[in-house]
Amino acid sequence: MTLETPTAGPPLRIAFVSDALVPFSSGGAERRVHELAIRLARRHDVHVVSWGFWGPEPTTARDGMTFHGVGRPRPFYGADGRRTLREAVEFAARLPIVLGRLDVDVVDVSATPYLPLYGAWLGTRRSGTPIVATWHEFWGEHWREYLPHRRLVGRAARAGESWARSLADLRVAVSPFTAARMGRGRHRAANAIVGNGVDAASMGRVRPDAERSDIIFVGRLIDEKRIHLLLGAVAALVGPFPAIRCLIVGDGPEHKHLASLAKELGLDGHVDFLGRVEDERLPALLRGSKVFVLPSAREGYAITVVEAMACGLAPVVARSPLSAAPDLIDDGVDGVISEPTVPGFAAAIGELLGDPGRRRRMATAARRSASKHDWAERAVAMERIYREAIAARPAGSRSRAARFVADDARPEVAAATAGEPPW
């Protein structure tokens, strides 16, 4: 199903809430908002609430959408490379005022980090606007590992995350993995699973970049990505593959440390750190490589894996109890799931580089798998969820447009409007 076969009903006024925004950052959460919003804006009135990355103006319009700023952007990461509590708290605290001024039918809040859910809940109490929370990750007990020396903060963070689930009318998980971690129960479980997507057709048509490589990694350079395992694997493969070349795309607090490690391992001429590249160039870099590698210990979905598959790469991903990435792969068919060790990665990568026939077969299977993750279908699925959230609200708490949506769901109204366009 695509946007050419939309759901029945009038156009909606939809607000997305995300503290990160494309093209100013390129993580999975903000890319999901961008891809869904730009498609839904073809038939709906779409608003995006974020930091004012575009400048001092409170609002701006682009790509058929209206963007609302809550203030000057704050740094996401501290000196230790971790997300700062201050940014999330300030963003959440500013949301009620901005959302309170918006007349929308539904609010989709990116619940990673989860604190904006609290701000969105406060900002929609007066209007009664339903909230759909999109959970990219759910940490639970992982808070103890993340903050081992700050037990009280870790307990508070875990409790806050747990309670945040109850603030949304409907909860969407981006993967079965995240849904399982959210738990069960009326106010805990995910109501639906709608994964991230990829524009497989357009990515498959991109010409390979002039910057060719054997191995490519794409992501933020932070400790959880475990890029040191990749560097160790490349060092182990220099012997059998003397001309091996690895590209590391992305930036982050671990950059200097990883560059020093590469030098210590004697990888000059074998590993290049490209930093962050334009989103438009990323598919070309993927197309110009042979193997995509993701050693990450923690992933709520791993959108880069699907993008690599769409570009015809067989991905090698690390097995981890905190990562959904392995769930995207049929091990040995369209990719390889590796043990999170240097020997494990070296063996998996070496087998693919040394067997072009197997790599080509996997690449074909990877493209087929990627084609199942279509953004247009995701947009239709989310539209249905928005309408469900709106219809479930008591009539007295709905806006006029929201009541039309609920009325449209009644059998007699649906029969009378059958065949009519949804706007």
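# Rings, strands and a pocket

Q: How many aromatic pairs does the structure hold?
A: This is a predicted model, in which local features need pLDDT of at least 70 and side-chain atom pairs count only at pLDDT 80 or more, whereas totals for chains, interfaces and linings use all residues. Residues are numbered from 1 along each chain as its sequence is written, and side-chain values use heavy atoms, with hydrogens and water left out. Rings of Phe, Tyr and Trp (its six-membered ring) pair if their centres lie within 6.5 Å, and the number of aromatic pairs in the structure is six.

Q: Which kind of pair do the rings of F16 and Y386 form?
A: The centres of these two rings are 6.3 Å apart, and their planes stand at 75 degrees. Planes under 30 degrees apart count as stacked, over 60 as edge-to-face and the rest as tilted. The pair of F16 and Y386 is therefore edge-to-face.

Q: How many residues apart are F16 and Y386?
A: The pair links distant parts of the chain, with F16 in strand 1 and Y386 in helix 14 (residues 375–392). Such helices (H or I, at least four residues) and strands (E, at least two) are DSSP runs, numbered from the N terminus. Counted in residues, the separation of F16 and Y386 is 370.

Q: Are F16 and Y386 buried or exposed?
A: A residue is buried under 20% relative accessible area, exposed over 50%, and partly exposed in between, for a 1.4 Å probe and protein chains only. F16 has a relative accessibility of 1%, and Y386 has a relative accessible area of 0%. F16 is therefore buried, and Y386 is likewise buried.

Q: Which kind of aromatic pair do W51 and F91 form?
A: W51 lies in the loop between strand 2 (45–50) and strand 3 (59–62), while F91 belongs to helix 2 (residues 85–101). Each counts as buried, since W51 has a relative accessible area of 0% and F91 has a relative accessibility of 0%. With 5.5 Å from centre to centre and 50 degrees between the planes, the pair of W51 and F91 is tilted.

Q: How many residues of strand 5 (residues 106–110) are buried?
A: In a regular strand the side chains alternate between the two faces of the sheet. Both faces of strand 5 are covered, with V106, D108 and S110 buried on one side and V107 and V109 on the other. Strand 5 is largely enclosed by the rest of the structure, because the buried residues number five of the five.

Q: Which residue is the bridge partner of V109 in strand 6?
A: Two strands pair if DSSP finds at least two bridges between them. Strand 5 runs parallel to strand 1 (residues 13–17), joined by four bridges, and in that pairing I14 partners V106. Four bridges also join strand 5 to strand 6 (residues 131–135) in the parallel sense, and there the partner of V109 is A133.

Q: Which helix supplies the largest share of the lining of the second largest pocket?
A: The lining of this pocket has 11 nonpolar, three polar and 12 charged residues, where Ala, Val, Leu, Ile, Met, Phe, Trp, Tyr, Cys and Pro count as nonpolar, Asp, Glu, Lys and Arg as charged, and the others, Gly among them, as polar. At least two lining residues come from each of helix 1 (28–40), helix 7 (200–204), helix 10 (282–287) and helix 11 (303–310). The largest share, five residues, comes from helix 1.
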